[in-house]
Amino acid sequence: MAKVSGEWAEHHPLASGKHKKHARLGPKLGVLMIIPSIVLVVLFNYYPAVRSLLGSLTSWDGFNPPQFVGFQNFVSYFQQPVFWPEVRNLVLFVVGGTIISIVFPFLAAELTLALPSLKGQNRAKYLFVIPMVIPQVIMISIWAYLLNPDDGLVDAVLGLFRVSPVQWLGSTHTALFSILLIGFPWVSSLGYLVFLAGLQGISQEIFDASSVDGVVGLSRLWSIDLPLSIPQLRFVVIIAGITMVQNFVPILLLTGGGPANATIVPGLQMYQEAFTDSQLGYGMAIGTLLFVFMVLVSVITLRFLKPRT
Amino acid sequence: MKKRPLKGMISIASVALLGGLVGFGGAPRPSATHPSETLTVQLQANTGTASSKQNKVLVQETRQWEKLHPGVTVKFLPNPYTTTTDSNAALVTEASAHRAPDLVWEQYGATSSGAIPQGILMNLMPYLQKPNPYVAGNKKWLDLWEPIATAYMVTNGKADVLLGSDLATEIVYNKADFKKAGITSTPRTWQQFIVDLKKLKADHFAPFMFTDATGGCNPSWFERKFMSELLHAEINRFDVNHSQVADGLDTAVGIERGVISMNNPAYAEGWKLLGQLRPYLAAGSSSYSACANVTATAAPLSQLIPFTQNKYAMVWSGTWHVPDLDALGFSGKFGMFPFPTITTATTRYSSDLNLTGVVGGPNGVGEWSVTTPAANSSMTPTTKKLVINYLQYLYAPKNEGRWVADAGSGSFIPVIKGAEYKSAAGVTNLFSKKKPPVTIDGVLDGQLSASSQSQAIRILQAYLGNNLSWAQFASEWNAMLQQTATAWAQANHVNLAKYK
């Protein structure tokens, strides 16, 4: 019988004297317990990904058998006139969305911890976290109301200042910005919690030492808080980048990629090709390219945002 | 040895779990040998559930039919989608799992364009050649349809869809705005239309909301109208299938042969005419669709809401919206006229045709297709026989008028000869029961693919929004046409080179 030792052995009920039989099975039981999860992840995550990679080399309408076409789907995608507008919009969404995901949640986390009382800090945390439970579709619907060109609240408020109604989602000049506007003031996000945890993890001794050196206020933010939040920053950048690449739902529901090509992105085209046009092979090719793009964004982020001590 | 039972249990549990997830999901359906039979019917998109107002009479008539067939039940499946495109995407998914419903709501454009993969819908022509048992003396079921419907229903000797009603599109105008601008009669020609637009603009009205949202329908109406008009003389150069509606192959061949191309002056003329409207179009048109539901809260929005708020003098709409306008409190305040004719006085490429019925046509409610056994494993010979009998009952003159007219509060006109119905006021004069000239649909109607339709509409949005010059628009449009035709040929395994 393998000897069970360490902290697990001291605290886990399976390792206590009453459960010696179970304790004997401990490590192996753990392996067995994780097998269903692994099987399901492989089945529902890895298999579709590999299937997508293979499917991208075929012409498939989803009903009749697929036909192998080599790299034709990729060539067609690069040659289509809308390719460059999609790249431009994708970059704008990723850059804009990532900045929003960093700046505002980080500032909110700083302000929360700057509150003088613990009670006040906790209330601020609740205030910022509770909106996170609102489903995205509801949030989009709310913004559809707010930006509605007929009776939207935003235009109504601007009207009080004699500003003419703006076609927020109907103008090429404002549509992309309006999509990014969803969720304003962009505080209630996973990033807020991550930054908050990171800032709380910085040792008080460091703050005390910096205070002695006269590093306070904004200079502390630049010299201490930000550099020591690089691990959190790196995580938020990667998650935000992936989210912005994947998340075409607001565009699908609010603009359909228009007006003109102002909000068209590869994710939306992937969806339309695969699920409204039954060109699943072509859609999988776009999906494969998006996967490569996300890997590149992640690798670049990891390379340039290295934690500092 | 002691460990084996645990391992075995986990293995069995895992297999059972996976089996439950991937293999045994969904409710079982009655087998063909079961004494009772359930027919599944996918309702029309936008009509809600079987208990909705639009489906009330359809369900009533279905219950009557069930009484004639004890043991047979018709189960209505709500259609959660708002567009034919989305509804068809769901159909393809179901068909790939061999679980498509027995009867599905469909539109003729989707069946003739290749948007639905071959093999999902059944060719109903053999049944249409036989008598309808619910109509005394009928020798051929197909004879019951008005010519306008059969022209669209039968393509290359096949009928993948049964059509139920006719609808028309029309320009809806604000009577008060017209009166203030001094317009005493509605325009009949393109030239008169432009004159009236100038008068409205001079009187500080936003003259016309064209509506060009992605997924909308209005730009395709204009495209269909001008192509059917201006390319009429060149139809024989690309009408390969010789059917009422130029289908996907025809369109692809038209592109391949340079007829549907900005390099063809007759084709380019249509877009130039549309360009003439730009100074008179209301802003923000990409947020609105002429086909949107008036209750839509996200794009595409209904143009009827701002129209009834007196923001525009005119919108392009359809007869099916007459009840909506009445419900919005605009009853009596609006008038309707057909989209003005493009005559030879406007362009030498005009054919001076009567295009009534070309834009609109039998595309309203009451369009059904039957799925094949390949798409629907429960489509046994018994089920098929029952489904056909059910359709014969619904499309009998004594029944068809009621459920079709009721579905649109009288704004849809039944297309079965002798069907009785009560139409909404001012609607019938917009219809023609004569067979229209050959209808040429284009990329904006999704003739080649839904994605090229979206791409085309975005290019058009840029053109109408003055973001593209004519040269840029023509260049981008031509590139889109070429790419679209190539993609369509690849997807449908057609060698376009042989049509060069």
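Between chain A and chain B the count of salt bridges is zero, a salt bridge being a side-chain nitrogen of Lys or Arg within 4 Å of a carboxyl oxygen of Asp or Glu. The model is predicted, so local features need pLDDT of at least 70 and side-chain atom pairs count only at pLDDT 80 or more, while totals for chains, interfaces and linings use all residues. Residues are numbered from 1 along each chain as its sequence is written, chains are lettered from A in the order in which they are written, and side-chain values use heavy atoms, with hydrogens and water left out.

Twelve residue pairs, both at pLDDT 80 or more, are in polar contact across the interface of chain A and chain B. A polar contact is a pair of N or O atoms within 3.5 Å; within protein, one must be able to donate a hydrogen and the other to accept it, and residues adjacent in sequence count only if both atoms are side-chain atoms. On the side of chain A that touches chain B, the elements giving two or more residues are H2 (20-55), H3 (72-79), H6 (136-146), H13 (249-254) and H14 (266-276) of chain A. Helices are DSSP runs (H or I, at least four residues) and strands likewise (E, at least two), numbered from the N terminus. H2(A) gives the most, with nine residues. That side of chain A divides into 23 nonpolar, 21 polar and five charged residues; Ala, Val, Leu, Ile, Met, Phe, Trp, Tyr, Cys and Pro count as nonpolar, Asp, Glu, Lys and Arg as charged, and the others, Gly among them, as polar.

The contact (heavy atoms within 4.5 Å) takes 49 residues from chain A and 50 residues from chain B.

Within chain B, the axes of H11 (residues 265-276) and H16 (residues 450-464) come within 10 Å and cross at roughly 45°. H11(B) is therefore oblique to H16(B), as angles under 35 degrees count as roughly parallel, over 145 as roughly antiparallel, 65 to 115 as roughly perpendicular and the rest as oblique. H11(B) contributes B:Trp271, B:Lys272, B:Leu274 and B:Gly275 to their contact, and H16(B) contributes B:Leu460, B:Tyr463 and B:Leu464.

Two cis peptide bonds in chain A are tabulated here.

| Cis peptide bond | Omega | Loop holding the proline |
|---|---|---|
| A:Phe184 and A:Pro185 | about 10° | A:Pro185, between H8 (175-181) and H9 (190-201) of chain A |
| A:Gly258 and A:Pro259 | about -5° | A:Pro259, between H13 and H14 of chain A |

In chain B, phi of B:Asn156 is near 55°, a positive value in a residue other than glycine.

Notes. Axes are lines fitted to C-alpha atoms, for helices over the stretch in contact, and angles run from 0 to 180 degrees between N-to-C directions.
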